[in-house]
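Please look over the structure shown below before reading on. The questions that follow take up its surface, its helices, its charged pairs and its backbone.

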Amino acid sequence: MKKKLIAVLSAVTLVASLWTPLFAQSDDDEVVYTTTPRYTGFALGAYLMNDWLLFDGSTFGSFTLGGGLALEYTMPFLLPFNADWGLSLHVDYERLFPKEGSSLSATNDINGVFGLWMRFPFVINDYWFAFQPEIAGGVVTHLDSSASFDPLIRVTPSFRYIPQSIPQLELELAPQFAISPKSDEVLMLGGVRLGGVWHFSKPVKQEIQQKEISYPLETETFTDFTPDGDGTNDKVTVVPKFTFLDKSTEGWTLQVYDPAGNPFRKISGSGNLPKKIVWNGKGDDGSLVYSNNTYTMTLTANTSKLDYLQTGLETVESNYIVKTGTILEALTKNEWRVSVQSIRFDPNAASLTQLSDEEREEMDSMLGIITDHVMSMENSHITVYGYANNVSNTQKEQEEELLPLSKERAEMIASLLVEKGIPEERISVEAMGGENPIAAWEDTANWWKNRRIEFLIVREVKK
């Protein structure tokens, strides 16, 4: 019977050692990480313990209660299957309580054992655990028997829980089996150990395969964003995904920047990233994005304590590009406005010789959309407004430079609309110069908003 028990315990330990590593790592396309913290160096533990004598209960019937201290040392290099391994020293006290009629006497024992262990981390439903089988050998000192000694062999398939908020701590629940040969008999005990250990070294990221990894999500581009309320491309939906993060984030921010790189819209939240973040195209001040421009978005997530320990990154980022299309902003039921800052005229001129092929195509597409909208309605009229930025903030610059320049530019754009098919009589031109500035003179970072062409489309309603 005793041999059978030893065989069963050995088989259980072997199977658990081989089976558990299947859950000890998580695969990423780029790199393989441990799913729980990895330690090196020393750890100190404390525990309570209880043992019951097995077999021949009528003769040896008894149990023990006690507690002790443990010192562990984790080796700095891994074994196969992502297994840590190390050495341990246990010193504990036990009090034996014999059953009435037992051949054993009450005794106080001090046990000292030196062990070898392996550690396999795994995760269940986002909770960290580790299986740590250990075999140890040493002596039992019987204090009540003139300090006599007996050998002791102990097998402990320990299971540990690791609180993610305190990853240096491990709480332990461990079945334990012991054999203590005496001069005339062999005591076999089964029991449980309950306690915890504290690792003095901080948990670190562990790479099993050293490969390059790009932490941010690859940049995504959203095109033809036109938040004009027509039900098509009115919103940008960001689906955040950081595949290498193990745990929930601790807050996030989506920052939108305008074409000049200035902050335009900020959306933030606490806790984990939402499944999607929706942006309606408006800035923090309620203003709408401009037509045919490029806005950028940066999604920043604050990593959990676990992910910080494993990656060394306090934050992670994803970048997105949003390209707006031609936005027909409805002012009233019969009025629409298109505001464009992206037409790149030659300096101090109304010509467009410096446009790239892509810019020409974008401008041609914009003018085509505006033309289609005007021509789709009878009795409609379009006014082209030319605006400029008054750098000196003087009336002289307005009258002598900006009004003539903005008129020439508006007329040039109007001529392109005629080429697209809008009759001349349905087009008006207005030179605005530096009037109606969007950005104040002191706000130099946003002067680019003042240099614009605006289209006002009006449909006359017959009474």
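**Questions on the predicted model**

Q: In this predicted model, is Leu69 buried or exposed?
A: Leu69 has its place in strand β4, which covers residues 62–74. The relative accessible area of Leu69 is 51%, and the class with the higher exposure begins over 50%. Leu69 is therefore exposed.

Q: How far apart in space are Leu69 and Val197, C-alpha to C-alpha?
A: Along the sequence, Leu69 and Val197 are separated by 128 residues. In space, their C-alpha to C-alpha distance is 9.4 Å.

Q: Which strand gives the most to the nonpolar patch?
A: The patch covers about 1,100 Å² of the surface and is made by twelve side chains listed by name, among them Phe42, Leu89, Val91, Tyr93, Ile110 and Trp198. At least two of its residues come from each of β3 (41–53), β5 (84–98) and β6 (107–124). The strand that gives the most, with 3 residues, is β5.

Q: Which accessibility class does Trp198 count in?
A: Trp198 is one of the residues that make the nonpolar patch, and it lies in strand β10, residues 186–199. Its relative accessibility is 35%, and the middle class takes in values between under 20% and over 50%. Trp198 therefore counts as partly exposed.

Q: How are α4 and α5 oriented to each other?
A: Two packed helices are described by the angle between their axes and the distance between the axes. For helix α4 (residues 357–375) and helix α5 (residues 395–420), the axes come within 10 Å and cross at roughly 65 degrees, while the crossing in which α4 passes α5 is right-handed. Angles of 65 to 115 degrees fall in one class. The two helices α4 and α5 are therefore roughly perpendicular.

Q: How many residues apart in sequence are the parts that Asp92 and Arg154 tie together?
A: Asp92 and Arg154 form a salt bridge in which the closest N and O atoms are 3.2 Å apart. Asp92 lies in strand β5 and Arg154 in strand β8 (residues 148–162), so the pair ties together parts whose separation in sequence is 62 residues.

Q: Are Asp92 and Arg154 buried or exposed?
A: The relative accessibility of Asp92 is 2%, and that of Arg154 is 3%.

Q: Which strands hold Glu172 and Arg193?
A: The side chains of Glu172 and Arg193 meet in a salt bridge of 3.0 Å, N to O, and both residues are buried. This pair ties together parts that are 21 residues apart in sequence, because Glu172 lies in strand β9 (residues 169–181) and Arg193 in strand β10.

Q: What distance separates the closest N and O atoms of Arg452 and Glu454?
A: Arg452 is buried, with a relative accessible area of 5%, and Glu454 is buried as well, at 11%. The two form a salt bridge, and their closest N and O atoms are separated by 2.9 Å.

Q: What is phi of Asn436 near, in degrees?
A: Asn436 has its place in the loop between β22 (427–433) and β23 (453–459), and at 46% relative accessibility Asn436 counts as partly exposed. Its phi is positive, in a residue other than glycine, and is near 50 degrees.

Technical notes. Residues are numbered from 1 along each chain as its sequence is written. This is a predicted model: local features need pLDDT of at least 70, side-chain atom pairs count only at pLDDT 80 or more; totals for chains, interfaces and linings use all residues. Side-chain values use heavy atoms; hydrogens and water are left out. Patches are made of residues with over 30% relative accessible area and no salt bridge: like charges are joined within 9 Å, nonpolar side chains (Val, Leu, Ile, Met, Phe, Trp, Tyr) within 5 Å. Accessible areas come from the Shrake-Rupley method with a 1.4 Å probe; for residues, only the protein chains shown count as cover. A salt bridge is a side-chain nitrogen of Lys or Arg within 4 Å of a carboxyl oxygen of Asp or Glu. Helices (H or I, at least four residues) and strands (E, at least two) are DSSP runs, numbered from the N terminus. Buried means under 20% relative accessible area, exposed over 50%, partly exposed in between (1.4 Å probe, protein chains only). Axes are lines fitted to C-alpha atoms, for helices over the stretch in contact, and angles run from 0 to 180 degrees between N-to-C directions. Angles under 35 degrees count as roughly parallel, over 145 as roughly antiparallel, 65 to 115 as roughly perpendicular and the rest as oblique. A crossing is left-handed if the near helix is turned anticlockwise from the far one by less than a right angle, and right-handed if clockwise.
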